[in-house]
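Morning, everyone. I have one chain to walk you through. Please have a look at it first.

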Amino acid sequence: MPAPNTGAKGGTLGGLWRAGVAALVGAVFGTLAHASLTYLGDIPLPWGLALAWALLGVLVYWATVASGKLWAGALSLLLCYVLVGAISFLGNDQLILSIGYLQYLPAPTVVSLLWMYGMIIPAVIGLLRALKVLRLQRAG
């Protein structure tokens, strides 16, 4: 008789759990970090956005490789996007700036828009890297 699915690597429950953790960590810490800027004269250096994107890419990669399921990484991106959208819509603060602030705070607004709508970039990179690892594991 086969052992029950306990959420170990490859299980559906493990994939769901890892996707949820990756999404929650990515949404919270990415949203907190993305707007960190340093100015070099008049040139903004968006190091917080780079950190948030790197974190999200690593979390998507982790969710995929640790569960052995590509859909877990894709689900983590989707859940992260929904959580960041909820933070920006439901929050009574300005962690994520809308396009209406572009005239007054150009650099933080662009960084917020890149975090919100550009998070697919590091996630796809993480998914592609994880896909390569999964293919190598299955081949060998």
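From the N terminus on, the elements run α-β-β-α-α-α-α. That gives five helices and two strands. Both kinds are DSSP runs, numbered from the N terminus: helices are H or I with at least four residues, strands are E with at least two.

A word on the source. This is a predicted model, where local features need pLDDT of at least 70, side-chain atom pairs count only at pLDDT 80 or more, and totals for chains, interfaces and linings use all residues. Residues are numbered from 1 along each chain as its sequence is written, and side-chain values use heavy atoms, with hydrogens and water left out.

Now the overall picture. Along its principal axes, the C-alpha trace spans about 65 × 30 × 15 Å. The chain has 140 residues, and 36% of them count as buried. Buried means under 20% relative accessible area, exposed means over 50%, and partly exposed lies in between, with a 1.4 Å probe and protein chains only. Next, contacts, meaning heavy atoms within 4.5 Å. Take those between residues at least 6 apart in sequence: 68% join residues at least 24 apart.

On to helix H5, residues 120-139. Its 20 residues should span 28 Å at 1.5 Å a residue, and its end C-alpha atoms are 28 Å apart, which agrees. The expected span is 1.5 Å times one less than the number of residues.

Which residues of H5 are buried? They are Pro 122, Ala 123, Gly 126, Leu 127, Ala 130 and Leu 134. They cover an arc of only 130° around the axis, which puts them on the same side of H5. The arc is that of the directions from the helix axis to the C-beta atoms. In general, an α-helix has 3.6 residues a turn, so residues three or four places apart point the same way. The face of H5 turned away from the buried side carries exposed residues: Ile 125, Leu 128, Arg 129, Arg 135, Leu 136 and Ala 139.

What covers the buried residues of H5? The cover includes H2 (47-67), H3 (70-90) and H4 (106-118).

Take H3 with H5. They pack at an angle of about 170°, with axes 10 Å apart. Axes are lines fitted to C-alpha atoms, for helices over the stretch in contact, and angles run from 0 to 180 degrees between N-to-C directions. H3 and H5 are therefore roughly antiparallel. Under 35 degrees counts as roughly parallel, over 145 as roughly antiparallel, 65 to 115 as roughly perpendicular, and the rest as oblique. Leu 70, Gly 73, Ala 74 and Leu 77 in H3 meet Ile 120, Ala 123, Leu 127, Leu 131 and Leu 134 in H5. By class, that contact has eight nonpolar, one polar and no charged residues. Nonpolar covers Ala, Val, Leu, Ile, Met, Phe, Trp, Tyr, Cys and Pro; charged covers Asp, Glu, Lys and Arg; the others, Gly among them, are polar.

H3 itself has 21 residues and reaches 30 Å from first C-alpha to last, close to the 30 Å expected. Its buried residues include Ser 76, Cys 80 and Val 84. Their cover includes H1 (12-33), H2, H4 and H5.

At 35% relative accessibility, Trp 71 counts as partly exposed. Leaving aside neighbours within four places in sequence, Trp 71 is in contact with Thr 12, Gly 15 and Leu 16.
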